[in-house]
Amino acid sequence: MLSAQSAATVRATLPVVGAAIGEITERFYSGLFAAHPELLRDLFNRGNQAAGTQRQALAGSIAAFATHLVEHPDTRPDAMLTRIAHKHASLGIAPEQYQVVHEHLFAAIVDVLGEAVTPEVAAAWDEVYWLMANALIAIEKRLYEERGGHTWRTWEVVERVAETPDVVTFRLRPLDDAPVRDFLPGQYVSVRTGLADGAHQIRQYSLSAAPDAAVRQISVKRVPGGETPEGEVSNHLHARVHEGDVLELSEPYGDLVLADAPGTPLLLASAGIGVTPMIPMLARLAATGHDAPVTVVHADRSPADHALRTDHETYAAKLPEATVHLWYEQDAPEGAHTGLADLTDVPVHPGTRAYLCGPLPFMRAVRAQLIEKGVAPADVHYEVFGPDLWLAGA
Ligand SMILES: Cc1cc2nc3c(=O)[nH]c(=O)nc-3n(C[C@H](O)[C@H](O)[C@H](O)COP(=O)(O)OP(=O)(O)OC[C@H]3O[C@@H](n4cnc5c(N)ncnc54)[C@H](O)[C@@H]3O)c2cc1C
Ligand code: HEM
């Protein structure tokens with residue numbers, strides 16, 4: 001909780017800090033990467049940095065945290081903190097790195113706001129930063145402990161399957177003899193890849209097979225170039241990683257997980273490569289014989305582009321109360337709809353809990369329709385395959 005004096009100062013300066021936060025984070029990242037080029041080369045996502053998206057996520061989350069502190073001083077925005085902590089822990093962020101970020105963030109604040117940063121203002125925002133940082137450090141410590149610390153473990157590709165023209169599945173076995181831990185349906189791993197210029201870049205991939213499978217499985221969609229450059233890691237994995245090659249993986253992380261909820265109606269809605277976390281969820285429901293309706297919704301460009309389609313439909317078919325609703329923009333077979341997903345005619349059971357994964361416009365549209373149909377906003381859970389700008393209300 002913020003001290004009363006800092007709360008008043010933060011409240012008074014939130015508008016000016018909020019208005020300048022874009023510029024502050026711009027300066028912050030330039031300073032950070034000038035002093036520590038290895039962080040841009042080997043830790044931060046270079047594509048997101050070039051596109052500016054991760055910058056908005058960090059800035060937005062600090063502003064959201066400060067707003068929460070002054071508006072709801074007795075509670076903590078745990079959902080936001082947990083989501084960031086899972087991402088950080090999958091990357092191996094260490095407590096001492098918060099000092100480095102602090103140094104460059106506060107240098108940037110002074111740079112941008114100049115004399116407005118009186119000692120009181122600096123002290124109040126320092127308190128905000130460390131409240132947030134210490135909360136993240138504590139959650140990350142627990143996540144590391146649960147997994148026996150952070151390690152990059154080496155896995156061999158034992159099978160590579162072309163799912164669709166754009167999606168490849170990799171099945172991986174650890175090179176060491178230690179067991180493969182189970183994961184919670186919906187979780188992801190970070191994959192660290194060495195690239196041609198010597199850099200190491202890290203990306204997250206959802207685990208796309210049943211949680212108790214003996215191998216780890218990820219399914220990667222190639223991000224094509226066009227107006228912007230082609231995706232670095234996805235194209236590297238498609239072009240260069242084959243059976244017998246190795247990849248470095250983190251342990252599984254992620255807070256969008258299927259809750260153990262017998263008797264609860266569920267709705268699993270995905271679009272495109274957002275199907276990946278839905279497969280372990282359906283596998284788990286099929287294995288436990290979920291005893292309530294399960295509504296499966298998926299939208300894709302065409303049936304040929306629908307990755308993991310056989311698993312998707314086979315697991316759903318094992319659930320006696322499952323109904324499947326498919327939308328394809330082209331080549332929709334009989335029984336599927338043509339066009340974009342539209343839940344108008346999809347029955348949604350009272351008390352439904354929903355899990356969403358796909359592009360933001362898809363998730364926004366589905367969420368709005370679910371809420372219209374009476375689903376409680378707190379029962380709509382989602383995963384974003386990029387910096388989570390929803391988190392900060394963008
Ligand atoms: C929790 C989570 C789970 C995920 N699960 C999956 C999954 O199961 N399967 C899957 O395929 N993906 C998944 N992703 C997405 C994945 O992590 C990567 O983001 C994706 O593979 C793209 O990475 P890339 O390195 O190929 O692209 P990047 O190199 O990171 O590029 C990303 C975008 O930035 C753009 N860009 C790059 N440089 C510039 C520039 N200079 N100016 C403007 N734009 C630029 C690129 O054009 C591209 O559109 C997941 C992401 C998260 C966060
Ligand atoms: C209080 C301090 C911090 C805040 C508020 C913060 C906030 C965030 C947020 C909101 C995200 C995006 C999460 C998501 O997409 O779901 C993120 C990702 C990330 N953070 Fe932090 N962070 C902090 C400290 C740090 C530190 C100390 C490091 C290490 C130097 C770090 C490195 C990263 C990296 C590498 C990513 C992923 C970036 C990417 O994919 O481009 N963060 N952080």
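A nonpolar core is a set of buried Ala, Val, Leu, Ile, Met, Phe, Trp, Tyr and Cys residues joined through C-beta atoms within 7 Å. Buried means that 20 or more other C-beta atoms lie within 10 Å of a residue's own; exposed means 12 or fewer, partly exposed is in between, and C-beta atoms are placed from the backbone.

This is a predicted model, where local features need pLDDT of at least 70, side-chain atom pairs count only at pLDDT 80 or more, and totals for chains, interfaces and linings use all residues. Residues are numbered from 1 along each chain as its sequence is written, while chains are lettered from A and ligands numbered from 1 in the order in which they are written.

**Stop 1: the core**

Select Val 128, Leu 268, Ile 279, Leu 282, Ala 354 and Leu 356. Of the 84 residues in the largest nonpolar core, these touch the most other members. Helices (H or I, at least four residues) and strands (E, at least two) are DSSP runs, numbered from the N terminus. In soluble globular proteins, nonpolar side chains tend to be buried together.

**Stop 2: helix α9**

Select residues 278–288. This is α9, and it lies across β7 (266–271), β8 and β11 (353–357). Helix α9 runs at about 155 degrees to β7. Axes are lines fitted to C-alpha atoms, for helices over the stretch in contact, and angles run from 0 to 180 degrees between N-to-C directions.

How many of the 11 residues of α9 are buried? The count is 8, so α9 is largely enclosed by the rest of the structure. Colour them: Met 278, Ile 279, Pro 280, Met 281, Leu 282, Ala 283, Arg 284 and Leu 285. Their cover includes β7, β8, α10 (309–317) and β11.

Zoom in on Ile 279. Leaving aside neighbours within four places in sequence, Ile 279 is in contact with Ser 208, Ala 209, Leu 308, Asp 311, His 312 and Tyr 315. Contact means that two C-beta atoms, placed from the backbone, lie within 7 Å. Then step just past the helix to Gly 289, which takes a positive phi of about 65 degrees.

**Stop 3: the parallel sheet**

Show the strands β10-β9-β8-β7-β11-β12. In that order, these 6 strands form an open sheet with parallel pairing. Two strands pair if DSSP finds at least two bridges between them. Which strands stand at the edges? They are β10 (337–338) and β12 (380–383); each has a single partner strand, so one side of each is left without a neighbour in the sheet.

Next, pick β8 (residues 294–300) and β9 (residues 322–328). They pair in the parallel sense over 7 bridges. Click on Val 296: its bridge partner in β9 is Val 324.

**Stop 4: the antiparallel sheet**

Switch to the open sheet of 6 strands in the order β4-β3-β6-β1-β2-β5, where the pairing is antiparallel. Here β4 and β5 stand at the edges, each with a single partner strand, so one side of each has no neighbour in the sheet. Neighbouring strands are turned by 40 degrees against each other on average, direction ignored.

Select β1 (residues 153–162) and β2 together. They pair in the antiparallel sense over 7 bridges. They form a hairpin with 4 residues between them. Find Glu 156, which stands opposite Arg 173 in β2 and opposite Val 246 in β6. In β2 (167–174), 6 of the 8 residues are buried, so this strand is largely enclosed by the rest of the structure. On to β5: 6 bridges join it to β2, and Thr 169 has Ser 219 as its bridge partner in β5.

Now find Leu 249 in strand β6 (residues 246–249). Is Leu 249 buried or exposed? It is buried, with 22 other C-beta atoms within 10 Å. Its contacts, leaving aside neighbours within four places in sequence, are Arg 153, Trp 155, Leu 172, Val 189, Val 191 and Arg 216.

**Stop 5: ligand 1**

Show ligand 1 and the 26 residues around it. Gly 47, Ala 50, Thr 228, Gly 231 and Ser 234 come nearest. A residue is near a molecule if its C-beta atom, placed from the backbone, lies within 6 Å of it. The elements that give two or more residues to this shell are α3 (46–51), β4 (200–206), β5 (216–221) and α8 (232–240).

Colour the shell by type: 10 residues are nonpolar, 12 polar and 4 charged. Ala, Val, Leu, Ile, Met, Phe, Trp, Tyr, Cys and Pro count as nonpolar, Asp, Glu, Lys and Arg as charged, and the others, Gly among them, as polar. Finish with α8, which lies across β2, β3, β4 and β5 and runs at about 115 degrees to β5.
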